[in-house]
Structures are given as C-alpha cells and as structure tokens.
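Hello,

Here is the structure we spoke about. My notes follow below it.

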Amino acid sequence: MSAAAEPLLLLWDIDGTLLQHASAAHAAALHLALREVHGEDLELEGTSVQAAGRTDGSIARELLVACGVEGERVDGCIAAVQDACARHYRRLCPPDLTDRLAPGIAELLPGLAADPRYRLSLVTGNFEPVARIKLAAAGLGRYFEPGQGGFGSDAEAREALPPVARSRAGDGAGPWPRERTVVIGDTPNDIACARADAVRVVAVTTGPFGAAELTGADHVAAGAAEVGALLGALAG
C-alpha cells in the first residue's frame, strides 16, 4: 500500500486534549511513588514544576533534583517509580472520569475510529499504565489499541515519543510515514515534539494555553468539532 493510501495516524495527547481537569489523582500518585522509592521526607509540595506537556519521568526528575536527590539515584530508580506510580494511580483514580471528557470528544472519537481514513493512537507524557487506567475510566480505552502509542514510560524526552508511536504503528514493517501522521495536543511541548519528528500537528485550546501561545502548530482548533473538520481535510 502506498504512503498516500495509508490511513492518517492520529497521535492524541490525553490531559488537556482528550480530558480536562483529570490530573489530581495522577499527581498524587506520582508524589506517593516518589516518596515510596526515594524517602518519605521529600518536600514535594513546596516544589513548583511546570507539568503541562511534560512526561511523567521528566516531572519526577525535576521534583527529585529540586529535593536534593542525585541524578545517579534518579536514573537507577526509574522503573521502580513507574511501577509505584501505576499501583497508586490504580487505587486513586476515580472509577468514572466521563465527566472530565473535553467537550465534543465523546462524539468525535467513535466516528474517527470507524472511519478507515484514520488510525487512532497516543502520544502522551503519562506512564503507559497510568494512561490506560485513565482512558478506561473515561470510557475511551477501546479506541486506543494495546501495543500502540508513545508514552512517558518510553522516554523522558517528549520529542522521542512520536517516533516510538510511528514505529509501533508500522507493526515491524518500518515506521508509519511522517506524511501520514498528525499529533493532536494542547501545549507548546506537543507542537515541539511533532516538529522534532517532522510530522504535522493540530493544537487545541482546550488545555491551559490559548491560540496565541500555540501558533507554531499547523492548525489551531477551538475544540473537537474543529479538529474533526481539520482532520477530514488532512485525510484527503
């Protein structure tokens, strides 16, 4: 099948894009994990970190370094932090996050999933188990197949995630073509990670950033309805 005939791979961000205001339990789980692995005396609440558009791993590292944890120890405990965060989030996550869906997402995704012009996947800073738990609670898990996507558990650097997602989408036959890939997110970091992999990006203003701060995207949309119209034009 030629690249032009392939579906458009849609790499969705989660927080601020698919869901809104669904990060409290996630943040609490990460703090619990850091204290479990690195010590109960960590003064995490007094440390301010910009989390929007970041990976869980990069957020964790910045918090730990600010609390005086040496980088070598941070490196050696990455897997333990990921495992603990997933375990705590499984316990803390509200059983129903459908009230946190971004407006129009519940209507948009079923149509995209049923349309052969698209393939739905993820590029998110969430550790993968956290992302899967969160999406299941929001009723969206069925739209994002296992074994696909790029997650904060794959790399700390957000720009490393689109290539991971494209590689997995290729199913061993080479990465999904850049020209048939679109990142959809709500932060300048989503835009930057798309630019680093030379793929297109649609930014939405449903997160903490307005249109003026998202001008580096190929397109800026006010919400799901506009995203749907833009994707229709891009799919060809």
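Which side chain does arginine 168 meet in a salt bridge? The partner is aspartate 154, with N and O 2.8 Å apart. Please keep in mind that this is a predicted model. The pair links distant parts of the chain, 14 residues apart. Arginine 168 sits in helix H7 (residues 161–169). Aspartate 154 sits in the loop between helix H6 (128–137) and H7. Arginine 168 is partly exposed, at 29% relative accessibility. Aspartate 154 is also partly exposed, with a relative accessible area of 30%.

Now the other salt bridges. The count comes to 17. Two of them involve helix H1 (24–38).

Glutamate 45 and arginine 35 meet through their side chains, N to O 2.6 Å. Glutamate 45 belongs to the loop between helix H1 and helix H2 (56–66), and arginine 35 to helix H1, so this bridge ties together parts 10 residues apart in sequence. Are the two ends buried or exposed? Glutamate 45 is exposed, because its relative accessible area is 57% and the cut-off is over 50%. Arginine 35 is buried, because its value is 17% and buried means under 20%.

Glutamate 36 pairs with arginine 87, the closest N and O atoms being 2.7 Å apart. Arginine 87 is in helix H4 (residues 78–92) and glutamate 36 in helix H1, so the bridge ties together parts that are 51 residues apart in sequence. Arginine 87 is partly exposed, with a relative accessible area of 43%. Glutamate 36 counts as partly exposed too, at 39%.

There is also a salt-bridge network. It links Asp13, Arg158 and Asp190.

Next, the nonpolar cores. In soluble globular proteins, nonpolar side chains tend to be buried together. Here the largest nonpolar core has 60 residues. Which residues have the most contacts inside it? They are Leu10, Trp12, Leu18, Leu109, Leu140 and Phe144.

Leu10 deserves a look on screen.

Best wishes

Key
Residues numbered from 1 in each chain as written. Predicted model: local features only at pLDDT ≥ 70, side-chain atom pairs only at ≥ 80, totals over all residues. Heavy atoms only, no water. Core = buried A, V, L, I, M, F, W, Y, C linked by side-chain atoms within 4.5 Å. Buried < 20%, exposed > 50% of the residue type's maximum accessible area, 1.4 Å probe, protein only. Salt bridge = Lys/Arg side-chain N within 4 Å of Asp/Glu carboxyl O. Helix = DSSP H or I, 4+ residues; strand = E, 2+ residues; numbered from the N terminus.
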